[in-house]
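Subject: Structure handover

Hello,

Here is the structure I promised to pass on. Please open it first, then read my notes below.

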Amino acid sequence: MTPRHYSEMSDVVQRVFVAAGERIPDSGGPGIDWEQQRVVIRWHGELPSEVQAVVDAAADEPFEVVVVPIRFRPGDLLAEAHRLLEAHPGVVTGAGLDGAEGLHVWLAPELVAAAGSSEAVVAEHRVSSAWPLSFEANRVEPC
């Protein structure tokens, strides 16, 4: 069964990607909230006029299009995630966006078990960042 307004909502998402162009790293990515029947555009900073035009054009659609401000630029967070992985091989097993409000970092579970906590591993291996971090013991396998 196809969710209501699937093609129309998907079309709005695609138009946001096109309108954002090279500024997509400022976006947490447009997405569809099926439960609320709305398109959600997460954006850091001022929304570009081209993206605002897509939002305005969707005003008459039978679903809502909302813009949610985000605290950090996702492109910067992803660059920091890569830095953490490279700077702490064998300690940091993965890192990714934590709702575009910081980074979630996965630590080698065997190190956490031996140290007694994620905090102890972070302190011992000096895992730090200018961005907010949350930690979890888990091994992330590459796709």
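A word on terms first: contact means heavy atoms within 4.5 Å. Helices (H or I, at least four residues) and strands (E, at least two) are DSSP runs, numbered from the N terminus.

This is a predicted model, in which local features need pLDDT of at least 70 and side-chain atom pairs count only at pLDDT 80 or more, while totals for chains, interfaces and linings use all residues. Residues are numbered from 1 along each chain as its sequence is written, and side-chain values use heavy atoms, with hydrogens and water left out.

**The helix pair**

Start with α1 and α2. From α1, the residues Val12, Arg15, Val16, Ala19 and Ala20 meet Glu50, Val51, Val54 and Ala57 of α2. By class, this contact of α1 with α2 has seven nonpolar, two charged and no polar residues. Here Ala, Val, Leu, Ile, Met, Phe, Trp, Tyr, Cys and Pro count as nonpolar; Asp, Glu, Lys and Arg count as charged; the others, Gly among them, count as polar.

Helix α1 covers residues 6-20 and helix α2 residues 49-57; their axes come within 8 Å and cross at roughly 160°. That makes α1 roughly antiparallel to α2. Axes are lines fitted to C-alpha atoms, for helices over the stretch in contact, and angles run from 0 to 180 degrees between N-to-C directions. Angles under 35 degrees count as roughly parallel, over 145 as roughly antiparallel, 65 to 115 as roughly perpendicular and the rest as oblique.

**The sheet β1-β2-β3**

Three strands form an open sheet, in the order β1-β2-β3, with mixed pairing. β1 (27-33) and β3 (64-69) are at the edges, each with a single partner strand, so one side of each has no neighbour in the sheet. The twist averages 15° from one strand to the next. Two strands pair if DSSP finds at least two bridges between them.

β1 runs antiparallel to β2 (residues 38-43), over six bridges. Isoleucine 32 has valine 39 in β2 as its bridge partner. Proline 30 stands opposite isoleucine 41 in β2. Four residues lie between β1 and β2 in their hairpin, and glutamine 37 in the turn has a positive phi of about 55°.

β2 and β3 run parallel, joined by six bridges. Isoleucine 41 faces valine 67 in β3.

**The sheet β4-β5-β6**

Another open sheet of three strands has the order β4-β5-β6, and its pairing is mixed. β4 (92-97) and β6 (133-137) stand at the edges with a single partner strand each, so one side of each is left without a neighbour in the sheet. The twist averages 20° from one strand to the next.

β4 and β5 (residues 103-107) run antiparallel, joined by five bridges. Alanine 95 is opposite valine 105 in β5. Helix α3 (residues 74-87) packs on this sheet and touches β4, β5 and β6. The direction of α3 makes about 180° with that of β4.

Best wishes
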